[in-house]
Amino acid sequence: MSFDLNHKYWVSTRKDIAQLIKKQNRLKKIEPPDEKAVSFKIFAELYVLYVELVAKLGFIYHHTFQVQKRAVVRTLVESATQQLMKLKEELKELEMSEYVYLDKALIARKLTPRDLVIWRSPQFLYRRPLDIQNIIADNRLYMNDVEKEEKAAKDWMPITDAVKLIQAHERARRARVYKSNLKFDKKKFLKVFQRKKINYRFTFKPDQTMSIPVKRTIFTADFIKNTEDCQYLRTKDDVGDTPAFFDEEAYNLKRNKAATEIQRWWRGYRARKIVKIKKRFKEELYGMKKMRKLKRPNQRANAVMEMYKNEMLKKKLDEEYINLMLDERTRLLQVRSPWMMEDISDHIRAWFAEFYEKTQDFHPYPDPVKKGTVLVVIDETMTPMEFQQTLGKKPMTKEEKKKLKDKERKEKRKKKEKIKLVKMKEAKRRKKLRDAGIIDIGYEIGASKPIVAIEETMKKYAEDWRNVDEYLNKNHDPIKEWVIEDELAKIHQEVRGLVDEYMRVEYELLREALAKDKDEKYTPLKVKYPKQKKPKKKKKPKDPTGDRTLESLYNELKDGGIIEEVSTKDFDEFIADFNFVADDTRDEDDLTTLGPAKGDIKMVIQESMLGMGEFDIPKPKSLLLIGPLNSGKKLLCNIIASELDAVFMNLSPEKTYKYADDLKYFLHLIMKVAKAFQPTIMYIEEAHRLFWNKIPPEAQDINPRLLGASIASKILKPLKKNDKIVVVGTSNMPWSAKGGIRKAFQKILLIPRCDYGTSFLIWLELMTENCPDNMEEYAYSALARVLQAYNSGDITDNIKNTLSIERRMRLQTDALDPHEFLEYFINEEKPPLFPIEDKMMEKFNKWFGGTNRLMKLRKSFMAKKLEKSKKK
């Protein structure tokens with residue numbers, strides 16, 4: 001991305017932030033709305049605005065290299081994302097559901113639900129340290145020349161295999177051509193009819209011929225019919241003389257008629273072609289058909305490499321910035337510090353002289369606890385008149401000092417209690433409003449820390465950067481004047497501490513001389529230094545793997561099958577549509593009556609994983625995906641790990657049962673590797689097995705309950721908020737587990753059955769990839785409607801097996817019939833495959849309703865409403 005475009009984008013985003021701040025300031029002053037729908041509408045509009053803002057700021061931050069500006073943008077994008085998550089939580093509370101529908105706010109902004117997706121990969125990736133990253137994957141950016149040659153040799157191997165495959169196919173093609181030219185003759189038995197050799201040379205690279213010359217096209221078409229009527233055309237001499245009876249007028253008439261016929265057919269062909277293109281364009285626009293996507297095999301790898309190149313540039317600029325700070329500090333210490341010490345000491349001596357002239361005494365020297373002589377600079381010491389009044393007073397006794405301290409403590413307590421009472425009253429007021437369904441929007445916005453951070457950052461930016469022309473700084477150089485100011489402030493504090501120590505000695509000498517002049521006893525003043533906090537010595541637990549390298553621990557888990565490599569996938573491969581009807585089917589309480597679609601599930605998972613990036617965003621420590629078989633649970637886990645570039649640890653019972661003898665060591669090992677190589681995904685397939693009520697006899701060998709008791713206490717409890725580690729589990733029978741599964745997984749999501757939109761998209765996407773332009777658009781809709789109840793995995797398997805390689809080879813001669821897909825589910829050779837029953841989905845919904853907090857909240861609300869209606 002160019003510097004100019006990023007600069008223009010930043011200017012427009014600043015205007016958007018200013019307008020958003022104005023809107024929030026107006027909302028701070030409004031009274032709490034009585035209707036819940038009004039509050040929902042306000043929060044929905046704010047949420048949509050913050051989604052757009054986060055997308056813009058994330059993009060700008062990814063392409064901002066200037067160090068001081070990058071710090072400003074980082075604060076903004078982190079605060080905006082935190083506020084976005086707060087608004088989402090507020091909307092969930094109002095909706096009493098994990099899924100929020102904002103169609104009205106989206107229509108006003110001319111957006112679609114897809115525009116609410118704020119997942120930006122790989123921009124939100126968490127950057128591992130270089131040495132850790134090199135253990136996981138070979139990174140060309142950090143290789144030396146020898147390593148690059150070895151990597152290039154490995155990469156060349158698949159290319160040579162591809163060339164051999166092409167050569168083998170070409171030899172087979174030539175053999176088939178040779179065979180087709182063999183003909184059996186009764187007299188000569190076997191004869192080969194050779195065609196004329198054509199001088200043809202095919203090259204696939206400049207100045208490099210192919211290993212086997214290929215004759216691609218041989219033109220043998222004869223357009224003259226082999227009949228008596230056309231016989232004269234074969235013997236006709238085109239160069240002959242014009243006959244004597246030649247009629248020029250009739251000849252021109254024939255020519256014009258022929259030209260008109262050719263033009264008519266050409267115009268018709270061209271018109272039909274244009275109509276076909278327009279029809280195809282409309283079908284693609286309406287979502288009835290799709291163009292076949294050509295994915296580059298290294299698209300994501302190139303994007304990650306591009307990100308790492310940007311990171312290397314940022315790292316280089318950071319190092320230059322640190323070196324500039326060190327150089328300026330060294331220069332200022334040499335040049336400015338002597339003058340600075342002299343100025344400070346002259347100022348303190350002038351302060352001594354002022355007090356001695358007016359009071360014939362010296363003001364008590366400020367203690368280091370109270371920032372030393374900084375109090376003199378900011379005028380927080382006593383004036384000569386105030387000090388004069390204290391001279392006549394007798395020194396306070398210990399009892400008086402104690403009484404004064406007690407009095408001050410009581411006053412502080414009273415102030416704290418008053419503040420606490422005010423806060424309690426405010427909390428009670430807001431709770432009453434909440435219970436009545438009223439939300440104080442002004443308080444929620446005014447008390448939001450992310451909003452305060454955004455406002456302060458923009459205010460400071462406006463002050464600091466108003467005289468800086470960012471457009472001229474295309475080399476991303478740091479602003480040197482600010483570095484000098486910051487270093488001067490630091491040096492001033494350090495130098496003042498040293499000068500205070502020297503001047504304290506001079507101050508005591510003056511007091512001692514004054515005491516001799518007055519024939520008084522000299523007593524040096526006690527100096528109160530700030531207490532240095534001693535670091536608490538925590539007993540470090542014994543590390544049984546302290547003598548081993550991280551690479552050896554990583555390889556141990558990899559060799560043991562715990563760490564697995566996942567295929568490169570992204571969220572686009574989880575084909576799902578959003579629920580576009582839910583917002584229009586609200587009841588009298590303004591609550592949605594329809595359940596979520598699969599696209600809504602995908603969006604919730606993406607938002608849950610935002611905290612796995614480099615920004616400080618709240619996220620769940622564990623996530624459980626429940627749903628019927630073939631509903632896409634494992635695919636989602638694979639996508640999460642692939643999108644985050646995370647280490648994938650498989651902690652399923654099939655993998656962990658062999659570590660039963662030394663479980664403590666195993667838990668220590670996985671936690672140490674997970675924290676060192678984060679982001680990490682700990683995957684548990686069919687997690688209900690870890691909490692089984694009764695273990696089936698066939699599962700006794702794998703000891704499924706081995707990790708059940710350890711997940712909450714040994715894995716989740718040691719994790720901190722900033723740790724980029726998430727435990728992800730799947731389950732198709734969660735009701736067969738004990739209650740411990742609810743404690744082990746903080747967030748539980750139910751994957752619903754396919755709706756028509758999702759089913760149609762699956763058919764459209766997969767058929768476009770496997771069999772383009774071979775079925776009419778009505779067939780997709782019919783198949784989606786008929787097979788809607790089947791899970792997405794069943795439909796995918798159907799397309800994969802029905803459109804096998806052999807079937808695709810016969811598509812040109814044998815047209816595809818939609819009934820072939822129906823025959824896959826109802827086949828005589830194998831038992832028929834039926835869609836999931838309604839009773840099973842009711843079972844999932846019932847269990848999910850008993851575990852999800854928001855579903856419980858909605859149930860209690862509906863129960864209260866029912867009781868009120870009965871009383872009426």
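Predicted model: local features only at pLDDT ≥ 70, side-chain atom pairs only at ≥ 80, totals over all residues.
Analyst: Residues are numbered from 1 along each chain as its sequence is written, and side-chain values use heavy atoms, with hydrogens and water left out.

User: Why is α1 called roughly antiparallel to α2?

Analyst: The axes of α1 (residues 3–28) and α2 (residues 36–62) come within 10 Å and cross at roughly 155°. Angles over 145 degrees count as roughly antiparallel, under 35 as roughly parallel, 65 to 115 as roughly perpendicular and the rest as oblique. That is why α1 is roughly antiparallel to α2.

User: Which residues of α1 and α2 meet?

Analyst: In α1 they include Y9, W10, I17 and L20, and in α2 they include L46, L49, L53 and F59; contact means heavy atoms within 4.5 Å. The residues of this contact divide into 13 nonpolar, 3 polar and 4 charged.

User: What makes β5 and β10 edge strands?

Analyst: The open sheet of 6 strands has the order β5-β7-β8-β9-β6-β10, with mixed pairing. Two strands pair if DSSP finds at least two bridges between them. β5 (563–564) and β10 (747–750) each have a single partner strand, so one side of each is left without a neighbour in the sheet.

User: How do you know that β6 pairs with β9 and with β10?

Analyst: β6 (residues 622–626) is joined to β9 (residues 725–731) by 5 bridges, and these strands run parallel. L624 stands opposite G729 in β9. With β10, β6 pairs in the parallel sense over 4 bridges, and I626 stands opposite L750.

User: Why is β6 called mostly covered?

Analyst: Of its 5 residues, 5 are buried, where buried means under 20% relative accessible area (exposed is over 50%, partly exposed in between; 1.4 Å probe, protein chains only). Both faces are covered, with S622, L624 and I626 buried on one side and L623 and L625 on the other.

Key. Axes fitted to C-alpha atoms, helices over the stretch in contact; angles between N-to-C directions. Helix = DSSP H or I, 4+ residues; strand = E, 2+ residues; numbered from the N terminus. Nonpolar A, V, L, I, M, F, W, Y, C, P; charged D, E, K, R; others polar.
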